[in-house]
Structures are given as C-alpha cells and as structure tokens.
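Subject: Structure handover

Hello,

Here is the structure for you to look through. My notes on what was found in it come after.

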Amino acid sequence: MIDFSILPTALLFIARAIPNTLFMAFISLLFGILIGSIIAVIRQNSGRFVNGIFAVLVSFFRGVPSIVQLFIVYNSLPFLLAPVISSFTGHPVKPFDVSPYWTVYTTFILYNTAYQSENIRGALQAVDKGQYEAAVATGMTPFSAFTRIVFPQAFVVALPTFFTYYLKTIKLLALVFTVKVVDMFAEADIFSALYNRRTEPYIADAIAYWAVAIVLTFLFSWWEKKLRAKM
C-alpha cells in the first residue's frame with residue numbers, strides 16, 4: 001500500500017536537489033544558446049561545405065539518445081581532461097579523479113547547442129532582411145545593425161523555445177544519476193534506498209517536477225510579456 005504520510009518527508013528530501021538541478025540546466029542552456037548563436041550566424045553566412053559540416057554535427061546530437069551521448073562523454077572525457085588538469089595543477093590526476101560534472105555539462109551543453117543553433121537560425125530567418133539593409137544604408141555598421149536590430153528581434157522569436165528546452169533539460173538531467181551526479185531524481189532514488197520505499201519517493205519526485213514546471217512557466221510568461229512590451 002502507498003503510505004501518503006511519507007510524501008511530505010520525501011518532498012523535503014528531494015527539494016534539496018532542486019537548486020543544483022536548476023543550475024545545471026541553466027548553465028547547459030546558457031552555453032548552448034551562446035554557442036548555438038555562433039553556429040547559427042556562421043551557417044547563415046557560410047558556403048555549402050561549412051554548412052554541411054555543421055548540419056551533420058547537429059543531426060548527430062539531435063538523433064542520438066542523450067543517455068548514449070552521456071555514456072560516450074563519461075567514458076572518454078576524463079581521460080582527455082586528466083593530463084590537462086595535471087599540467088595546470090602540477091599534481092598527478094587520474095581519470096577517475098575528474099569530477100562527473102564535467103561530463104554532465106559537456107553532454108548537455110552539446111545537446112542544447114545542437115537544438116538552439118537550429119532554433120536561432122530559424123529566428124534569424126524570420127526577421128525581415130529589409131530592416132538590416134535599411135540600417136546599413138543609414139550608416140550603421142553591419143555588426144551594429146545585426147546586434148542592435150536583427151538579433152534582439154530574433155531573440156524574442158526564439159524565446160519560447162529557450163524555455164521549452166530549459167524544462168526539457170531539467171527532465172533529461174534525471175539521467176545524470178548514472179554518472180554519480182545527484183539531481184532531483186537521484187535524491188528520490190536515494191530516499192527509496194534509505195527508507196525502503198518503492199513508490200512514495202517517485203510520486204513525491206513527480207510532484208516536485210510538476211511544481212517546478214508550474215513556477216517556472218509562470219515566471220517565464222511574466223518575463224516574456226515584459227520583453228515583448230519593450231520591443
């Protein structure tokens with residue numbers, strides 16, 4: 001039988017991991033947007049060859065399951081980083097000494113980069129080119145015209161998708177327990193083991209994810225309305 005009296009205790013236990021989960025998702029999305037923006041601009045202004053290379057890379061990260069990407073990075077990145085860290089610190093560092101957070105951030109930054117490069121590329125194409133041409137014609141430099149006229153409008157167009165992938169990244173981070181990083185799902189798993197309960201902690205985890213999504217949706221809607229009012 002499900003003991004609902006355990007849910008408040010489980011919720012408080014899981015809540016400890018909410019800040020870390022939100023932070024990991026935020027950093028992954030932020031760098032994904034930054035790198036994705038660069039890739040989107042390059043693809044918009046490059047030839048077929050360069051565009052093709054990026055298209056293949058984006059296709060790979062969008063087509064391969066995140067758990068597979070996570071395990072590829074987990075079993076390779078520490079061996080690449082260990083000698084680099086050793087050379088900087090002057091102390092021998094073994095691959096298993098490398099923090100698993102490197103794996104998490106690398107995997108999910110690449111994941112978000114792939115999706116946000118396409119999102120931003122589409123948003124840039126949605127902005128009327130005539131505005132850019134008119135700005136340049138009035139004396140603005142191409143860089144100023146892009147950063148002050150085109151990109152702000154593209155950012156607002158892409159904004160809803162940013163939020164969608166922030167929530168999606170929060171949920172995908174449930175995979176990181178497999179590489180020894182504690183997020184909201186991992187806390188539920190730990191609670192299950194400590195208290196020998198098999199259902200209640202996961203019900204509490206579902207409630208916690210749901211509550212986070214509701215709060216974030218409200219905050220994002222408020223922020224989006226303010227941004228659109230300034231445009």
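This is a predicted model: local features need pLDDT of at least 70, side-chain atom pairs count only at pLDDT 80 or more; totals for chains, interfaces and linings use all residues.

The rings of phenylalanine 220 and tryptophan 223 form an edge-to-face aromatic pair, with 6.3 Å centre to centre and 70° between the planes. The pair counts as edge-to-face because the angle between its planes is over 60 degrees. Phenylalanine 220 is buried, at a relative accessible area of 10%, whereas tryptophan 223 is partly exposed at 39%.

Other aromatic rings

How many aromatic pairs does a search of the whole structure find? The search gives 14. One of them joins tyrosine 111 and tyrosine 115, and this pair is tilted, with 5.0 Å centre to centre and 50° between the planes. Both tyrosine 111 and tyrosine 115 belong to helix H6, where they are 4 residues apart, about one turn of the helix. Tyrosine 111 has a relative accessible area of 3%, so it is buried. Tyrosine 115 also counts as buried, at 15% relative accessibility. Together with Phe108 and Tyr165, Tyr111 and Tyr115 form one aromatic cluster.

Salt bridges

Side chains of opposite charge can pair when their charged atoms come close. The count for this structure is 5 salt bridges.

One of them is between glutamate 187 and arginine 16, at 3.2 Å from N to O. Which parts of the chain does this pair link? Glutamate 187 is in helix H9 (residues 184-195), and arginine 16 is in the loop between helix H1 (7-15) and helix H2 (18-44), so the pair links distant parts of the chain, 171 residues apart. Is glutamate 187 buried or exposed? Glutamate 187 is buried, because its relative accessibility is 6% and the limit for buried is under 20%. Arginine 16, in contrast, is exposed at 52%, the limit for exposed being over 50%.

Arginine 43 and glutamate 118 form another salt bridge, in which the closest N and O atoms are 2.7 Å apart. This pair also links distant parts of the chain, with arginine 43 in helix H2 and glutamate 118 in helix H6 (residues 100-126), 75 residues apart. Arginine 43 is buried at 9% relative accessibility, while glutamate 118 is partly exposed at 23%.

Glutamate 118 has a salt bridge with arginine 121 as well, and there the closest N and O atoms are 3.4 Å apart. Arginine 121 and glutamate 118 are both in helix H6, 3 residues apart, about one turn of the helix. Arginine 121 is buried, with a relative accessible area of 19%. Arg43, Glu118 and Arg121 are linked with Arg62 in a network of salt bridges.

The chain as a whole

The protein chain has 10 helices and 0 strands. Its C-alpha atoms fill a box of roughly 70 × 50 × 30 Å along the principal axes. Of the 231 residues, 39% are buried. Among contacts with a separation of 6 or more, 78% are between residues 24 or more positions apart. The accessible surface is about 13,200 Å², and 71% of it belongs to carbon and sulfur atoms. The chain has 17 positive and 11 negative charges, whose mean positions are 8 Å apart.

Regards

Conventions:
Residues are numbered from 1 along each chain as its sequence is written. Side-chain values use heavy atoms; hydrogens and water are left out. A salt bridge is a side-chain nitrogen of Lys or Arg within 4 Å of a carboxyl oxygen of Asp or Glu. Helices (H or I, at least four residues) and strands (E, at least two) are DSSP runs, numbered from the N terminus. Buried means under 20% relative accessible area, exposed over 50%, partly exposed in between (1.4 Å probe, protein chains only). Contact means heavy atoms within 4.5 Å. Accessible areas come from the Shrake-Rupley method with a 1.4 Å probe; for residues, only the protein chains shown count as cover. Lys and Arg count as positive and Asp and Glu as negative; His and the chain ends are not counted. The place of a charge is taken as NZ of Lys, CZ of Arg, CG of Asp or CD of Glu. Rings of Phe, Tyr and Trp (its six-membered ring) pair if their centres lie within 6.5 Å; planes under 30 degrees apart count as stacked, over 60 as edge-to-face and the rest as tilted.
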